[in-house]
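Subject: The structure we talked about

Hi,

Here is the structure I promised to pass on. Have a look at it first, then read on for what turned up.

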Number of protein chains: 2
Amino acid sequence: MIDFGNLKYENGLIIGIVQDRASKEVLMCAYMNREALEKTVETGIAHFWSRSRQKLWKKGETSGHLQKVKEIRIDCDMDSVLLLVEQVGGACHMGYRSCFYRNLDGEVVGEKVFEPEDVY
Amino acid sequence: MIDFGNLKYENGLIIGIVQDRASKEVLMCAYMNREALEKTVETGIAHFWSRSRQKLWKKGETSGHLQKVKEIRIDCDMDSVLLLVEQVGGACHMGYRSCFYRNLDGEVVGEKVFEPEDVY
């Protein structure tokens with residue numbers, strides 16, 4: 001097991017990229033601190049560090065759209081991790097399965113899976 | 001076309017995640033500034049901002065392992081982009097196709113595609 005103390009945190013944070021394990025769609029990215037990493041491993045549910053709220057953030061706590069973490073990979077520089085997950089519902093607070101639902105032209109190319117007003 | 005001036009830069013940077021368009025493997029992530037984004041769109045080759053060297057970084061300039069960018073997606077918060085690419089050779093300077101070549105146990109699970117000493 002890689003020692004989380006050896007990761008290259010910047011201001012206590014590393015980047016967490018979330019990918020759907022089955023479809024391989026990239027769902028989102030967010031920051032994680034050591035506590036979020038430990039909580040993720042311990043519970044099997046993705047946790048991040050909310051910089052805006054300055055607190056541990058269990059993804060899907062309000063919406064129920066949890067991310068069940070099946071595998072974690074670490075990058076060569078040890079400053080980012082890739083979470084391979086089973087996504088319940090959608091990852092994006094806008095109702096899309098992935099936060100990357102628009103292309104550069106601003107066109108919606110992602111799949112909408114819920115209505116935000118039904119959930120939040 | 002989304003105006004790059006409207007992206008939510010932090011210290012002038014957003015996160016760029018690179019995914020192989022065909023295999024859907026997540027290859028790496030790195031920071032981009034507005035110039036890197038513009039250069040990427042203009043040339044069709046991925047450019048980033050090297051924070052360690054404090055300069056524009058054309059990925060693969062030394063190794064020849066360029067990333068041909070086929071599509072770019074923007075996330076809901078407009079602070080990260082997903083580059084869908086055709087990767088020449090490997091993305092990782094350690095010789096692996098993806099920088100995320102290890103799991104949490106430290107085991108190599110990624111594919112090695114070149115020997116670094118042959119390339120750098």
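Chain A and chain B bury about 3,200 Å² between them, and 62% of that is on carbon and sulfur atoms. On the chain A side, Phe100(A), Arg102(A) and Leu104(A) lose the most area to chain B, together making up 24% of what that side buries. If you'd rather count residues, 37 of chain A are in contact with 37 of chain B. In case you wonder about using area here, the size of an interface is often given as the accessible area lost when the parts come together. Do keep in mind that this is a predicted model.

Next, the cysteines. UniProt lists a "binding site" at Cys76(A), Cys92(A) and Cys99(A). They are spread over 24 residues of sequence, and they are spread in space too, up to 27.8 Å between C-alpha atoms.

So where does Cys76(A) sit, and what does Cys76(A) touch? You'll find Cys76(A) in the loop between strand E5 (67-74) and strand E6 (80-87) of chain A. Leaving out residues up to four places away in sequence, Cys76(A) touches Cys92(B), His93(B), Met94(B), Cys99(B), Tyr101(B) and Arg102(B). Cys76(A) counts as buried because its relative accessible area is 16%, and the cut-off for buried is under 20%.

Cys92(A) is in the loop between E6 and strand E7 (102-103) of chain A. Cys92(A) is buried as well, with a relative accessibility of 0%.

Last one: Arg21(A), in the loop between E1 and strand E2 (26-32) of chain A. Neighbours within four places in sequence aside, Arg21(A) is in contact with Lys70(A), Leu84(A), Val85(A) and Glu86(A). Tyr9(A) is 12 residues from Arg21(A) in sequence, and the two are 25 Å apart in space, C-alpha to C-alpha.

Cheers

How values were computed: Residues are numbered from 1 along each chain as its sequence is written. Chains are lettered from A and ligands numbered from 1 in the order in which they are written. This is a predicted model: local features need pLDDT of at least 70, side-chain atom pairs count only at pLDDT 80 or more; totals for chains, interfaces and linings use all residues. Side-chain values use heavy atoms; hydrogens and water are left out. UniProt positions are given in the numbering used here, feature names are shortened, and annotations may be inferred rather than shown by experiment. Helices (H or I, at least four residues) and strands (E, at least two) are DSSP runs, numbered from the N terminus. Buried means under 20% relative accessible area, exposed over 50%, partly exposed in between (1.4 Å probe, protein chains only). Contact means heavy atoms within 4.5 Å. Buried area is the accessible area (1.4 Å probe) that two parts lose on being put together, summed over both.
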